[in-house]
Amino acid sequence: MDAKTLLLKRNSHGKLEGPAPTAEQLDTLYRAALRAPDHKGLAPWRFVEISGEGRKRLGDLSARAEKLRKPEIKEDKLESIKLKAERAPMIIAVIARIKDNKKVPRVEQVASAACAAHAMLYAAEVEGLGAMWRTGDFAHSPVVREGFGLTPVDELVGFIYLGHKVGHEKKLPNLQPKDFVERWT
Ligand SMILES: Cc1cc2nc3c(=O)[nH]c(=O)nc-3n(C[C@H](O)[C@H](O)[C@H](O)COP(=O)(O)O)c2cc1C
């Protein structure tokens, strides 16, 4: 796939099956992520690779987060929330690990981590994998923050669900630059 096609046609894919990405594919994803723009070279990134039984740990965290949000929630609903972590053979949590720096505010470091996540989506496409960035209701929950060992300033920018595509690609939205671009000339 040429670079322009990649940039214009990247498509998230939510229905994913195994096998999980190989070590070589993951190496490409991480190297792409580490090329994210990074003010002052702070490398404010952390990745948690979740697969196999590790997905149960994420499922438990998300169910506990939902229970905190909605104490009256029914047990069967919690079970279905737990299973959401098993929608893909692998999930990578992308975390902005915020560094203390006078010149680079937190928002720039979160932006850099978001760029890293985006780069992983492109790299997944290059590797022929399906990928989808999700946060769900729980990525910002205190339960999940604690489960991932975030400091009070860190941010969990998202979970990248990865695997092999099942079913058709969705239609891409027909957005036009003219509707978004203003010009100062
Ligand atoms: C920070 C962030 C969080 C997201 N969280 C979710 C989510 O929890 N669930 C979901 O269905 N889509 C979520 N999305 C959107 C999808 O990743 C995807 O962008 C969307 O389905 C449109 O598909 P496309 O990326 O191919 O345009 C999120 C996107 C971003 C940037």
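**Exercise 1. A residue of strand β5**

Glu-155 has its place in strand β5. The model is predicted. Determine whether Glu-155 is buried or exposed, and find which residues it contacts beyond its neighbours within four places in sequence.

Solution. 
- Step 1. The relative accessibility of Glu-155 is 17%. Buried means under 20%, so Glu-155 counts as buried.
- Step 2. With the neighbours within four places in sequence left aside, the contacts of Glu-155 are Val-94, Ile-95, Ala-96, Arg-106, Val-110, His-140, Arg-145 and Leu-150.

**Exercise 2. The largest nonpolar core**

State how many residues the largest nonpolar core has and which of them touch the most other members. Then identify the elements that each supply at least two residues.

Solution. 
- Step 1. The largest nonpolar core holds 24 residues. Those touching the most other members are Leu-29, Ile-92, Val-94, Met-120, Ile-160 and Leu-162.
- Step 2. At least two residues of this core come from each of α2 (23-33), β3 (90-96), α5 (106-126) and β5 (155-165).
- Step 3. The most is given by α5, which contributes 8 residues.
- Step 4. Another core lies apart from this one; it has 19 residues, including Ala-85, Phe-138, Val-143 and Phe-148.
- Step 5. Back in the largest core, take Met-120 as an example. Not counting residues up to four places away in sequence, Met-120 touches Leu-29, Tyr-30, Ala-33, Phe-47, Ile-92 and Val-94.

**Exercise 3. Two packed helices**

Describe how α2 and α5 pack: at what angle, and how far apart are their axes? Which residues make the contact, and how do they divide by class?

Solution. 
- Step 1. The angle between α2 and α5 is about 145°, and their axes are 8 Å apart.
- Step 2. The crossing of α2 past α5 is right-handed.
- Step 3. On the α2 side, the contact uses Thr-28, Leu-29, Tyr-30, Ala-32 and Ala-33. On the α5 side, it uses Ala-116, Ala-119, Met-120, Ala-123 and Ala-124.
- Step 4. Sorted by class, the residues of the contact are 9 nonpolar, 1 polar and no charged.

**Exercise 4. Salt bridges**

How many salt bridges does the model have?

Solution. 
- Step 1. Side chains of opposite charge can pair when their charged atoms come close. The cut-off used here is a nitrogen within 4 Å of a carboxyl oxygen. By this rule there are 12 salt bridges.
- Step 2. Lys-56 is partly exposed at 40% relative accessible area, while Glu-53 is exposed at 61%.
- Step 3. Glu-66 is buried, with a relative accessible area of 8%, whereas Lys-70 is partly exposed at 34%.
- Step 4. Asp-179 is exposed at 52%, and Lys-178 is exposed at 67%.
- Step 5. Shared partners join Glu-66, Arg-69, Lys-70 and Asp-137 into one network of salt bridges.

**Exercise 5. Backbone details in the loops**

Locate the cis peptide bond from Gly-18 to Pro-19.

Solution. 
- Step 1. The reference case is that most residues other than glycine have a negative phi, and most peptide bonds are trans.
- Step 2. From Gly-18 to Pro-19 the peptide bond has omega near 0°, and is cis. Pro-19 is in the loop between β1 (16-17) and α2.
- Step 3. Ala-43 lies in the loop between α2 and β2 and is partly exposed, with a relative accessible area of 31%.

Technical notes:
Residues numbered from 1 in each chain as written. Predicted model: local features only at pLDDT ≥ 70, side-chain atom pairs only at ≥ 80, totals over all residues. Heavy atoms only, no water. Core = buried A, V, L, I, M, F, W, Y, C linked by side-chain atoms within 4.5 Å. Buried < 20%, exposed > 50% of the residue type's maximum accessible area, 1.4 Å probe, protein only. Helix = DSSP H or I, 4+ residues; strand = E, 2+ residues; numbered from the N terminus. Contact = heavy atoms within 4.5 Å. Axes fitted to C-alpha atoms, helices over the stretch in contact; angles between N-to-C directions. Left-handed = near helix turned anticlockwise from the far one by under 90°. Nonpolar A, V, L, I, M, F, W, Y, C, P; charged D, E, K, R; others polar. Salt bridge = Lys/Arg side-chain N within 4 Å of Asp/Glu carboxyl O.
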